[in-house]
Amino acid sequence: KWDEILQTIKIDHDLSDISFDTWLKPLKVYSVEGNIVTILVPSEQVGLNYINKKYKLPLQVTISELTGIDRCEVQFILSDDVKKITSKNLISNDTRFEEANLNPRYTFGTFVVGSNNKFAHAASLAVAESPGEIYNPLFIYGGVGLGKTHLMHSIARFILEHNPDSKVLYVTSEEFTNELIEAIRNGNNTAMTQFRDKYRNIDVLLVDDVQFIIGKDATQEEFFHTFNSLHSAKKQIIISSDKPPKDMEILEDRIRSRFEWGLIADISSPDYETRVAILKKKEEMDGYDINEDVIKYIATNIKSNIRELEGSLNKVMAFANLEKREVTVELAEQVLKDIISPDQQKIITPEYIISMVAEHYDITIDEIKGNKRNSKIVIPRQIAMYLCREMIDIPLKSVGKCLGNRDHTTIMHGCEKIEHELQTSDTMKNTIEVLMKKINPHR
Ligand code: ADP
Ligand code: MG
């Protein structure tokens, strides 16, 4: 294809053999990411400026024409520079993504597009390609586990990959609230200034699950000013919520109207084909090889949300692995019988609580159940204990059983720890509140 592209330029622009051999023939494609095509220029070749001036446009046009890459952008890179950049970028890239709070699993590449999310996906991609320029803010809404967070991370990552110097920050509204609470509690101006510096000197702000700031006056107020400051500077804002702005009761009107300034995109429940596609993508990514009928069985029976869809597949695979059994429809039926309840009423189980806490803290379920004692794990573990006791009516002994076979005094101790925290720490109060609403939105 590359040769064909070069030949087409030669013909279209009526280049002599000498011109062609000197300027175009040595060029190679280095990378293609989205619409950005990076072309490698051998370092011994002189005249990068000349190539840039004279051949950039023809290359862009011809590549777009022949490959279907929309609005192709060509950039050149000298072969000598490649080594330097790759060795440097590999390290700095990772820290940049980490600093922006991004989960490497959530990218456009791993996002399955279906009829339920087509619009939200297209809007997200458009915003990722031209941040601050078209839809501002982008407001994504939809029920739990339907891919809002996945899309937001994808946008942030895409922007960072294409504009390595831009400042991108993803936060949950809970983090935003907790940081604000801390800044206010510190009671001095520097803490507040630092908070504002952090949120107003960036190019792209993503705030996930904004519904959790509703009714918190100080947070709403601060968020309002953050929004205005970024928006008037043409910085991109991306917001997610479980409801559209018009259904967010007790949200201040001035904030609601701002949410409606840009584009509002919804994600609904996936249809059967999309559910199958998502399971197959997961199968491929995790390197499983699963019988088609099992995939169909899970896709037929788990309808409401994608987190549960993935969780069900994991559960089946883990069980088969543990029992050294083949993955069949019968096995899936047996493993999933509690989840696939006939009355479709969502029951909150300890397992569900543990999985939500794990996800919230970005740690694994096994870590919560396990014995690691660093605070990154211990606190979520105690929170899981507390939530199990508060939210479901089962004896502490059963809670302990689900949490890595701990005895009931350990559970009691964990719950007391959190109770104590709740009396002294507003951020813990906020966190527990958010988690309870996440686990049971109808509370
Ligand atoms: P939400 O933020 O809307 O509650 P998430 O973005 O956390 O939902 O999605 C829940 C899980 O489902 C995640 O593991 C995510 O990767 C997965 N998921 C959601 N939508 C898709 C999709 N379209 N393709 C692939 N995986 C998806
Ligand atoms: Mg989410």
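Predicted model: local features only at pLDDT ≥ 70, side-chain atom pairs only at ≥ 80, totals over all residues.
1. Glu310 puts a polar side-chain atom 2.8 Å from a ligand 1 oxygen. Gly147 contributes through its backbone, with an N or O atom 3.0 Å from an oxygen of ligand 1. Leu146 also works through the backbone: one of its polar backbone atoms sits 3.2 Å from an oxygen atom of the ligand. As for cover, ligand 1 taken alone exposes 560 Å², and the protein buries 95% of that.

2. Now the helix packing, starting with α7 (residues 173-186) and α9 (residues 217-232). Their axes are 10 Å apart and cross at an angle of about 105 degrees. From α7, the residues involved are Phe176, Thr177, Leu180 and Ile184; they meet Ala218, Thr219, Glu222, Phe223 and Thr226 in α9. This contact has 5 nonpolar, 3 polar and 1 charged residues.

3. How does α7 pack with α8 (residues 189-200)? The angle is about 155 degrees, with the axes 8 Å apart. Since angles over 145 degrees count as roughly antiparallel, α7 is roughly antiparallel to α8. Here Phe176, Glu179, Leu180, Ala183, Ile184 and Asn186 of α7 meet Ala191, Met192, Phe195, Lys198 and Tyr199 of α8. By class, the contact of α7 with α8 comes out at 8 nonpolar, 1 polar and 2 charged residues. It's worth looking at Phe176, Leu180 and Ile184 on screen: these α7 residues are among those that meet α9, and they are also among those that meet α8.

4. Two backbone details to check while you have the model open. The peptide bond from Asn136 to Pro137 is cis, with omega near 0 degrees. Pro137 belongs to the loop between α5 (118-129) and β4 (138-142).

5. The other detail is Asn101. Its phi is positive, at about 70 degrees, although the residue is not a glycine. You'll find Asn101 in the loop between α4 (79-99) and α5.

Technical notes. Residues numbered from 1 in each chain as written. Chains lettered and ligands numbered in written order. Heavy atoms only, no water. Polar contact = N/O pair within 3.5 Å; in protein donor to acceptor, adjacent residues only side chain to side chain. Areas by Shrake-Rupley, 256 points an atom, 1.4 Å probe, with all protein chains shown as cover. Axes fitted to C-alpha atoms, helices over the stretch in contact; angles between N-to-C directions. Helix = DSSP H or I, 4+ residues; strand = E, 2+ residues; numbered from the N terminus. Contact = heavy atoms within 4.5 Å. Nonpolar A, V, L, I, M, F, W, Y, C, P; charged D, E, K, R; others polar. Parallel < 35°, antiparallel > 145°, perpendicular 65-115°, else oblique.
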